[in-house]
Amino acid sequence: MPFCEIAKHQTSLDDAVDAASSSSSSNNKGIKIFYKTYGHGPTKVLLIIGLAGTHDSWGPQIKGLTGTERSNDDDRMRAVDPNSSDSGGCGYGGNGIQVCAFDNRGMGRSSVPTKKSEYTTKIMAKDAIALMDHLGWRKAHIFGHSMGAMIACKLAAMVPDRVLSLALLNVTGGGFECLPKLDSRTISVAIRFLKAKTPEQRAAVDLDTHYTKEYLDEHVGSSTRRAILYQEYVKGISSTGMQSSYGFDGQVNACWTHKMTRTEIELIRSAGFLVSVIHGRHDIIAQIYYARRLAKKLQPFARLVDLHGGHLVSHERTEEVNQALCDLISASDKKMNPHVWTNFPKESSRWSEKGSLLGKTCVEGKTDDICSTVCVIEKLHLSISYVFGLFVFMFEYIQRAIRIRHPARVGSSLT
């Protein structure tokens, strides 16, 4: 099976990215990252999945980009003539694009460190860069979903010269921005998630977390999409088993501690590659407001693709997402002018944190009242989010204490 041993590539990576943290290579002894590659061609795409997700969660995008879901190490794939053309997306066919998808540390077949400190988006970005070195990829298009998009941002800031383009699906800025919307529906979903003891219970709550109600209620033949997906989820959760507590807690820690500094944002902007921020506007986990705010920070290089969908918009709106990714690759290859690429008005490219909440900047000549009001609202929102976050985490730890003698086995979930 294909694995990347992180320690073999970490020393040179530390020298290149952060000499002060070169001691981190000792913490990566024995850490292996499981991966698979798909398709053939000079264009390379690295897919980074989110919290509790595995490499195969990218199935619809792998199929759309390469024309196949069969990995290159699959015996069936080896029997296929590499010069034959699959009907992949992007106008490249099967020959033009090679994709790599992998399991982040703490999930799937990759190693599971036991310390929370071994899970940060920076450390996990180094895992991804080490994998690129292992594959011999000098440059690649970097696409990430949810936590994977946070990791992709860190990677882009650490080695901007190795990024051809950046796609951020259902992304937030980490920390308090990871908290869901404060309404009765999301609070109910959060409680159901914490109480889930069986694959059936977990599957039911995952569906409400990942998709919109309209999508789940659609009829496919004689059944609803909810019923079909429910069976698939139960089967998948039962087969993979639960994500270890070390892996789950570690990946949650990576999301909670994630933050992109102004310097990191500027490193990405100054690199000049194009960015696509793709989001489901009804996502209850990662609110689109934060994705829009990040896209504005990355102006004039970012385009926002706002779709009718939930957190797993890559599955719910597969065609639109795949087209957006193909457009990004094509525009990058053609070296499109960023001012042509972006769909934000010119004035929004002048980022000002004080005016970020309403998507407006405080311009000279305007009254200070607007800026002050925006700041107050933002602080109030963060305070409420903080209180809600404490409530959720306290509830979780109480539940664990109660069930410590009878731990529930619950399968993995893509968030």
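Student: Why is Tyr-211 called buried?

Tutor: Tyr-211 has a relative accessible area of 4%, and buried means under 20%, so Tyr-211 is buried. By the cut-off of 20%, Tyr-215 is buried as well, because its relative accessible area is 11%.

Student: How do you know that the length of helix α12 agrees with its number of residues?

Tutor: Helix α12 covers residues 245-257, which is 13 residues, and at 1.5 Å a residue these should span 18 Å; the expected span uses one less than the number of residues. The end C-alpha atoms of α12 are 18 Å apart, so the two values agree. The buried residues of α12 include Gly-247, Phe-248, Asp-249 and Cys-255.

Student: What makes up the largest nonpolar core, and which members touch the most others?

Tutor: The largest nonpolar core has 53 residues, and Leu-46, Ile-142, Leu-155 and Leu-168 touch the most other members. Helix α7, residues 147-158, gives the most to this core, with 10 residues. Apart from it lies another core, of 26 residues, among them Val-45, Ile-62, Leu-274 and Val-313. In soluble globular proteins, nonpolar side chains tend to be buried together.

Student: Which residues does Ile-142 contact beyond its neighbours within four places in sequence?

Tutor: Contact means heavy atoms within 4.5 Å, and among the partners that Ile-142 has on this basis, once those neighbours are left aside, are Leu-46, Ile-48, Met-132, Leu-155 and Val-163. For the protein chain, residues 24 or more positions apart account for 78% of the contacts with a separation of 6 or more.

Student: How confident is the predictor in the protein chain, and where does pLDDT stay under 50?

Tutor: The mean pLDDT of the protein chain is 83, and 74% of its residues reach 70 or more. However, pLDDT stays under 50 over residues 83-87, for which the model has 11 contacts beyond four places in sequence, and also over residues 374-384, for which the model has 14 such contacts. Where pLDDT is low, the predicted coordinates should not be read in detail.

Key:
Residues numbered from 1 in each chain as written. Predicted model: local features only at pLDDT ≥ 70, side-chain atom pairs only at ≥ 80, totals over all residues. Heavy atoms only, no water. Core = buried A, V, L, I, M, F, W, Y, C linked by side-chain atoms within 4.5 Å. Buried < 20%, exposed > 50% of the residue type's maximum accessible area, 1.4 Å probe, protein only. Helix = DSSP H or I, 4+ residues; strand = E, 2+ residues; numbered from the N terminus. pLDDT = per-residue confidence, 0-100.
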